[in-house]
Amino acid sequence: MGELLLELLTEEIPARMQRQALDDLVRHLGEWLKAQRIEAETLTGYVTPRRLTVIADGIPDKVRIDREEKRGPRVGAPQQAVEGFLRSVGLLSISQCEKRSTDRGEFYFAVLMQGGQSTDEVLPDLIYSTLHDIEWPKSMRYPASSLRWVRPLNSVLCLLDGKVLKLPPELGAVPVGRTTCGHRFLSKGEITVADAADYLKKLNAAHVVLDWHERRNKIETELKAKAAAEGLLLKEDQGLLDEVAGLVEYPVVLMGSIDA
């Protein structure tokens, strides 16, 4: 079982769009994986003002093989009926079918096998379809790619078991590889990633709190601590707290004063 790491580094994702975009990414990826008979054990998503990330664990090495049987015409049926059946199942010759006796006589049966491809052959198109399916309330075109996105898509980090997956050419000039960036101001230079664990560790060191809930809790905890230290009572606003959690990747609570 393998691991898929996908990060979409964007110029900016408006706070009001972030959680819906994350839900769309995880849901569509799960649906496409299931449709292609590649079912992950877990799908974990993260969102910040600059990035959408999903980590899929338990990815199989090969697409699951499904066996399907279809009964065709009776042995000895007119050639037109035989040819029509072959077209419907995608076979070239009736010799590719089996003859079986039933309580109604002898019939042709087509045994169809689907799947068996290597997962890394199927994932690139599947991932692009996932990106295409994300619906933004507002999206834009930009020179690097034909893919419409909320803001310019700067780069894609895409690893399967630590190896870079090459995505379809429709992404155009958007770089795809194993590099990302940390906090816009508190971190310098590119970050090279080996796998999901390395990604999480290095982003944390680069002042990026990847989890939205963790950022929200950090803000709320620091707000209450600073207010209590000054003998003040915090006026809570859950909606505002949700919004602020989506504005920065590394929140720090500061207290100021207004001249009387």
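Lys202 is partly exposed, with a relative accessibility of 31%; partly exposed denotes values between the limits for buried (under 20% relative accessible area) and exposed (over 50%), computed with a 1.4 Å probe on protein chains only. The structure is a predicted model, in which local features need pLDDT of at least 70 and side-chain atom pairs count only at pLDDT 80 or more, while totals for chains, interfaces and linings use all residues. Residues are numbered from 1 along each chain as its sequence is written, and side-chain values use heavy atoms, with hydrogens and water left out.

The side chain of Lys202 forms a salt bridge with that of Asp198, at 3.1 Å from N to O. A salt bridge here is a side-chain nitrogen of Lys or Arg within 4 Å of a carboxyl oxygen of Asp or Glu. Because the two residues stand four apart in helix α4 (residues 196-205), about one helical turn separates Lys202 from Asp198. Asp198, at 17% relative accessibility, is buried. Helices (H or I, at least four residues) and strands (E, at least two) are DSSP runs numbered from the N terminus.

## Other salt bridges

Across the whole structure, 15 salt bridges are found. One of them joins the side chains of Glu69 and Arg100, at 2.9 Å from N to O. This pair connects distant parts of the chain, 31 residues apart: Glu69 belongs to strand β4 (residues 66-74) and Arg100 to strand β5 (residues 98-102). Glu69 is partly exposed at 37% relative accessible area, and Arg100 is partly exposed at 23%.

In helix α5, Arg216 and Glu220 are four residues apart, and therefore about one helical turn separates them. Their side chains form a salt bridge of 3.9 Å, N to O, and both residues are buried. Arg216 and Glu220 also belong to a network of salt bridges that links them with Arg19, Lys224, Glu236 and Asp242.

## Nonpolar cores

A nonpolar core is a set of buried Ala, Val, Leu, Ile, Met, Phe, Trp, Tyr and Cys residues joined through side-chain atoms within 4.5 Å. The largest one holds 42 residues, of which Leu52 and Trp149 touch the most other members. Elements that each supply at least two residues to this core include β1 (2-10), α1 (15-35), β3 (51-59) and α5 (212-229). Apart from this core lies another, of 13 residues, among them Leu157, Leu159, Ile191 and Tyr199.

Beyond its neighbours within four places in sequence, Leu52 is in contact (heavy atoms within 4.5 Å) with residues including Leu6, Leu8, Ile13, Leu25, Trp136 and Trp149.
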